[in-house]
Amino acid sequence: ERDIQKFEKEMIEYNQTTVHRWMLPIKRAVLDLMLSTDDPLAIDENSAIQHYLHQKAVEGNSLVVESSIYNFSAMVAYIYNKYDLAAALMQKRYEVEKKMSRPTHWYGLTAFYDGLIFLALAHRSSEFEWTSDVGDIMSKMETFMQIGRSNIEHKLLLLEAEVKSKIGQKDIASQKYKLAIAAAEKNGFIHEQAIATERAADFFLRNNDKSNASLYYGRANSLYLKWGAKG
């Protein structure tokens with residue numbers, strides 16, 4: 001949050017209005033993750049600000065900002081395990097991107113969360129069709145991997161783990177989760193280390209391994225707190 005406030009001040013000072021507008025959805029996402037969900041007044045205030053940002057983006061025909069609002073809001077919803085909301089926001093982003101000449105991919109981040117959202121829905125319902133969309137996402141991630149391995153390695157491993165879990169390859173899935181956690185730690189992505197650890201806990205729980213599930217949920221909680229997500 002301090003870094004965002006610092007850069008926001010500098011953007012305003014140097015009249016970088018376009019970049020500043022692009023950064024606002026990220027700022028709101030950070031505050032959402034820091035927000036205490038036990039405080040309804042804070043939730044209402046943050047929702048009102050998010051609504052205002054979206055309204056201004058629509059009025060100004062700023063498709064990049066509107067897309068980013070849906071993008072980062074979907075990420076927050078996913079982290080809070082609100083998968084239906086995450087999917088709805090993702091779909092709204094798709095609709096905005098149809099109007100854009102070049103969607104913003106955020107160096108593989110968007111595809112990563114899209115894949116996680118699809119797979120979360122797939123784990124919940126055997127009737128959900130996911131293979132085509134996730135296959136396309138995996139191809140995109142492999143392309144991004146060639147551009148920046150340290151940024152993508154753990155993301156791709158986690159998606160692979162979720163796929164292997166879904167199709168019943170339990171031993172491979174377990175190994176992939178552990179590799180994703182280790183790679184995220186090595187590359188300095190503590191928040192995605194937390195996500196990978198939580199998904200591993202979900203995997204163990206689905207397979208009735210309550211001991212490992214409890215262990216990994218505890219580790220995930222510690223990592224989220226260390227990252228600063230206290231909502």
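This is a predicted model: local features need pLDDT of at least 70, side-chain atom pairs count only at pLDDT 80 or more; totals for chains, interfaces and linings use all residues.

Visitor: Core, then. How many residues are in the largest nonpolar core?

Guide: It has 61 residues. Tyr78 and Tyr113 have the most contacts inside it.

Visitor: Which helix gives the most to this core?

Guide: Helix H6, residues 109-124. It supplies 11 residues.

Visitor: Back to tyrosine 78. What does it touch?

Guide: Leaving out residues up to four places away in sequence, Tyr78 touches Tyr83, Ala86, Tyr113, Leu116, Ile117, Ala120, Ile195 and Arg199.

Visitor: Lots of tyrosine there. How many aromatic pairs does the structure hold?

Guide: Eight. Take tyrosine 78 and tyrosine 83: their ring centres are 5.4 Å apart and their planes sit at 45°, so the pair is tilted.

Visitor: Are tyrosine 78 and tyrosine 83 buried or exposed?

Guide: Both are buried.

Visitor: Which residues form the aromatic cluster?

Guide: Tyr78, Tyr83, Phe112 and Tyr113 form one cluster.

Visitor: New topic: charges. How many salt bridges?

Guide: The structure holds nine. One of them joins aspartate 84 to arginine 124, with the closest N and O atoms 2.4 Å apart.

Visitor: Where do aspartate 84 and arginine 124 lie?

Guide: Aspartate 84 is in helix H5, residues 83-97, and arginine 124 is in helix H6. The pair links distant parts of the chain, 40 residues apart. Aspartate 84 is partly exposed, at 49% relative accessible area.

Visitor: What does arginine 93 pair with?

Guide: Arginine 93 forms a salt bridge with aspartate 114. The closest N and O atoms are 2.7 Å apart. Arginine 93 is in helix H5 and aspartate 114 in helix H6, so the bridge ties together parts 21 residues apart in sequence.

Visitor: Is that pair, arginine 93 and aspartate 114, buried or exposed?

Guide: Arginine 93 is buried, and aspartate 114 is too.

Visitor: And glutamate 192? Which residue is its salt-bridge partner?

Guide: Lysine 155, with the closest N and O atoms 3.0 Å apart. Glutamate 192 lies in helix H10 (residues 190-206) and lysine 155 in helix H8 (residues 149-166), so their bridge ties together parts 37 residues apart in sequence. Both residues are buried.

Visitor: Which residues do shared partners join into a network?

Guide: Arg93, Glu97 and Asp114. Salt bridges with shared partners join them into one network.

Visitor: Which residues of H11 are buried?

Guide: Ala213, Tyr216, Ala220, Leu223 and Tyr224. They cover an arc of only 100° around the axis, which puts them on the same side of H11.

Visitor: What covers those buried residues of H11?

Guide: The cover includes helix H4 (63-79), helix H9 (170-187) and H10.

Visitor: And which exposed residues are on the face turned away from the buried side of H11?

Guide: That face carries Ser211, Ser214 and Lys226.

Visitor: Last one. What comes just after H11?

Guide: Glycine 228, which takes a positive phi of about 115°.

Note on methods. Residues are numbered from 1 along each chain as its sequence is written. Side-chain values use heavy atoms; hydrogens and water are left out. A nonpolar core is a set of buried Ala, Val, Leu, Ile, Met, Phe, Trp, Tyr and Cys residues joined through side-chain atoms within 4.5 Å. Buried means under 20% relative accessible area, exposed over 50%, partly exposed in between (1.4 Å probe, protein chains only). Helices (H or I, at least four residues) and strands (E, at least two) are DSSP runs, numbered from the N terminus. Contact means heavy atoms within 4.5 Å. A salt bridge is a side-chain nitrogen of Lys or Arg within 4 Å of a carboxyl oxygen of Asp or Glu. The arc is that of the directions from the helix axis to the C-beta atoms. Rings of Phe, Tyr and Trp (its six-membered ring) pair if their centres lie within 6.5 Å; planes under 30 degrees apart count as stacked, over 60 as edge-to-face and the rest as tilted.
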